[in-house]
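This report walks through one protein model, from a single side chain out to the overall layout. Please keep the structure open while reading.

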Amino acid sequence: MGGHMTDIIDRSRADMRADIYDGIVAERRSVRAFLPTALPADLIARLFTVAGRAPSNCNAQPWITHVVSGETLERIRAVLLEQAKAGALDPDVPLTSTYVDQYKSRRIGSAVALFEATGVGRNDQQAREISFLRNFELFDAPHAAFFFMPRYFGLREAADVGMYAQTLMLALTAHGLGSCAQGAISHYASAIKRELGVSDDLICLFGLSFGYPDADHPSTAAITDRAPLSETVVLHD
């Protein structure tokens with residue numbers, strides 16, 4: 001009897017933990033407007049310590065993360081915006097991706113959701129440009145993380161960095177915070193590395209803006225859908 005009750009209690013606890021986790025995953029979203037309030041240093045340390053528990057190939061932990069705040073962040077924000085306006089692309093990772101079929105449709109759907117939420121018209125090129133440049137203003141976030149890895153690593157280790165970043169984003173969500181992973185930031189890798197004093201032995205994969213979300217900003221109404229399981233998972237018996 002005692003063992004049976006213990007099993008029931010353990011199962012109940014597991015279900016509760018699963019429900020909490022499912023809720024955190026569902027709540028995480030790309031936040032495109034932040035409040036200026038800075039996070040306490042001990043909270044930032046806690047978040048990145050948790051992120052470090054992410055899995056990696058052979059436990060190599062290939063991520064090297066620069067967390068930027070204050071005056072340094074304002075300087076990088078200005079440099080990124082200047083580079084983006086000038087179109088001075090200089091990525092470490094070649095921009096060779098091609099979006100076709102359902103991947104193209106999903107990409108367009110994401111943009112449409114954001115434009116509709118923020119009142120950007122389909123043919124309003126000026127408003128679309130302003131919306132795009134918000135990426136390089138880091139959505140006014142008080143903090144940003146830039147993810148690097150050694151240049152001698154490849155796709156496998158880049159995937160490890162992605163798992164590390166996802167763990168970080170879930171930790172941020174669990175604390176009531178927001179984030180936005182930004183691949184576009186890496187288009188200006190040389191400028192970022194120059195401002196942070198990062199060696200060219202490292203490659204910049206992407207950035208992440210984070211902080212307290214601005215719940216009143218129109219962009220919060222942008223909701224992206226997710227593909228059904230049948231399109232993304234193949235089950236084998």
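Is Arg 77 buried or exposed? Arg 77 is buried, with a relative accessible area of 10%. Here buried means under 20% relative accessible area, exposed means over 50%, and partly exposed lies in between (1.4 Å probe, protein chains only).

## Basis of the model

This is a predicted model: local features need pLDDT of at least 70, side-chain atom pairs count only at pLDDT 80 or more, and totals for chains, interfaces and linings use all residues. Residues are numbered from 1 along each chain as its sequence is written, and side-chain values use heavy atoms, with hydrogens and water left out.

## Overall layout

The protein has 8 helices and 4 strands. Both are DSSP runs, numbered from the N terminus: helices are H or I with at least four residues, strands are E with at least two. From the N terminus, the order is α-α-β-α-α-α-β-α-β-α-β-α. The C-alpha trace spans about 70 × 40 × 40 Å along its principal axes.

Of the 237 residues, 36% are buried. The accessible surface comes to about 14200 Å², and carbon and sulfur atoms hold 54% of that surface. Areas come from the Shrake-Rupley method with a 1.4 Å probe; for residues, only the protein chains shown count as cover. Contact means heavy atoms within 4.5 Å. Among contacts with a separation of 6 or more, 86% join residues 24 or more positions apart.

## Salt bridges

A salt bridge is a side-chain nitrogen of Lys or Arg within 4 Å of a carboxyl oxygen of Asp or Glu. By this rule the count is 9. Side chains of opposite charge can pair when their charged atoms come close. Arg 77 pairs with Glu 74 at 2.7 Å, N to O. Both residues sit in helix α3 (residues 70–86), 3 residues apart, about one turn of the helix. Arg 77 is buried, whereas Glu 74 is partly exposed at 45% relative accessible area.

Other pairs span the chain. Asp 92 bridges to Arg 151, with the closest N and O atoms 3.4 Å apart. Asp 92 is in the loop between α3 and α4, and Arg 151 is in the loop between β2 and α6, 59 residues apart. Asp 92 counts as buried at 17% relative accessibility; Arg 151 is partly exposed at 38%. Arg 151 also bridges to Asp 200, with the closest N and O atoms 3.2 Å apart. That pair is 49 residues apart, and Asp 200 lies in the loop between α7 (189–196) and β4. Asp 92, Arg 151, Lys 193 and Asp 200 are linked in a network of salt bridges.

## Helix α7

Just after α7, Gly 197 takes a positive phi of about 70°.

## Nonpolar cores

A nonpolar core is a set of buried Ala, Val, Leu, Ile, Met, Phe, Trp, Tyr and Cys residues joined through side-chain atoms within 4.5 Å. In soluble globular proteins, nonpolar side chains tend to be buried together. The largest core has 24 residues, and those with the most contacts inside it are Leu 47, Phe 48, Phe 147, Leu 168 and Leu 208. The elements giving two or more residues are α2 (41–51), β2 (143–150), α6 (155–174) and β4 (202–211). The most come from α6, with 7 residues. Apart from this core lies another, of 21 residues, among them Phe 136, Leu 138, Phe 146 and Cys 204.

Leu 208 shows the packing in detail. Leaving aside neighbours within four places in sequence, Leu 208 contacts residues including Phe 147, Leu 168, Met 169, Leu 172 and Cys 180.

## A buried charge without a partner

Arg 28 is in the loop between α1 (2–27) and α2. Arg 28 is buried yet has no salt bridge. The nearest side chain of opposite charge, Glu 27, is 10 Å away. Lys and Arg count as positive, Asp and Glu as negative; His and the chain ends are not counted. Not counting residues up to four places away in sequence, Arg 28 touches Gln 166, Met 169, Leu 170, Thr 173 and Arg 226.

## A surface patch

Tyr 99, Val 100 and Tyr 103 make a nonpolar surface patch of about 300 Å². Patches are made of residues with over 30% relative accessible area and no salt bridge: like charges are joined within 9 Å, nonpolar side chains (Val, Leu, Ile, Met, Phe, Trp, Tyr) within 5 Å. Tyr 103 lies in helix α4 (residues 101–118) and is partly exposed, at 47% relative accessible area.
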